[in-house]
Amino acid sequence: MGSCTSYVPLPNSSDYAATKRFINLWTRALHIESKNTDVLLLSPAYITTKLVNFKKGFDCTTPEDTVKGALRDLGHELETTGTLRHDI
């Protein structure tokens with residue numbers, strides 16, 4: 001499970017962002033190494049969970065919608081945010 005934070009500096013949470021960046025690069029390497037296996041990096045922004053205090057708004061999505069989007073993209077994409085809201 002990646003995160004959009006893997007693409008930007010994240011002051012006061014640099015260990016979180018660095019871990020997500022590692023997952024991003026590791027997934028890309030797995031994709032190259034695993035020719036007969038579908039590999040998908042899910043890198044959403046805000047998902048309405050306890051981690052973000054169940055934040056709501058246009059930039060948030062539900063876990064269910066994120067999973068639906070990820071399953072839609074599995075086998076077709078290398079990376080997805082899981083939702084159009086996070087692609088904008």
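**Close-up views of a predicted model**

View 1. Phe22 and Trp26 sit 4 residues apart in helix α1, so about one helical turn separates them. This is a predicted model, and a search through the whole structure turns up 1 aromatic pair. That pair is Phe22 with Trp26, and the rings are stacked, with 5.9 Å from centre to centre and 15° between the planes. The stacked label follows because planes under 30 degrees apart count as stacked. Trp26 isn't tucked away: its relative accessible area is 48%, so it counts as partly exposed.

**View 2. Thr27, a buried spot on α1.** Stay on helix α1, which runs over residues 14-33, and you'll find Thr27 there. Is Thr27 buried or exposed? With a relative accessible area of 8%, Thr27 is buried. Leaving aside residues up to four places away in sequence, Thr27 touches Val39, Leu40, Leu41 and Leu78.

View 3. Which residues of α2 are buried? They are Thr66, Gly69, Ala70 and Asp73. These four cover an arc of only 100° around the axis, so they end up on the same side of α2. Look at what lies over them: the cover includes β1 (41-42), β2 (46-47), β3 (60-61) and β4.

View 4. Val67, Leu71 and Leu74 make a nonpolar surface patch of about 270 Å². With 37% relative accessibility, Leu74 counts as partly exposed.

**View 5. Stepping back to the whole chain.** How many helices and strands does the protein chain have? There are 3 helices and 4 strands, and reading along the sequence gives the pattern α-β-β-β-α-β-α. Of the 88 residues, 31% count as buried. The chain exposes about 6100 Å², with carbon and sulfur atoms supplying 60% of that area. As for contacts with a separation of 6 or more, 50% come from residues 24 or more positions apart.

Notes: Residues are numbered from 1 along each chain as its sequence is written. This is a predicted model: local features need pLDDT of at least 70, side-chain atom pairs count only at pLDDT 80 or more; totals for chains, interfaces and linings use all residues. Side-chain values use heavy atoms; hydrogens and water are left out. Patches are made of residues with over 30% relative accessible area and no salt bridge: like charges are joined within 9 Å, nonpolar side chains (Val, Leu, Ile, Met, Phe, Trp, Tyr) within 5 Å. Accessible areas come from the Shrake-Rupley method with a 1.4 Å probe; for residues, only the protein chains shown count as cover. A salt bridge is a side-chain nitrogen of Lys or Arg within 4 Å of a carboxyl oxygen of Asp or Glu. Buried means under 20% relative accessible area, exposed over 50%, partly exposed in between (1.4 Å probe, protein chains only). Helices (H or I, at least four residues) and strands (E, at least two) are DSSP runs, numbered from the N terminus. Contact means heavy atoms within 4.5 Å. Rings of Phe, Tyr and Trp (its six-membered ring) pair if their centres lie within 6.5 Å; planes under 30 degrees apart count as stacked, over 60 as edge-to-face and the rest as tilted. The arc is that of the directions from the helix axis to the C-beta atoms.
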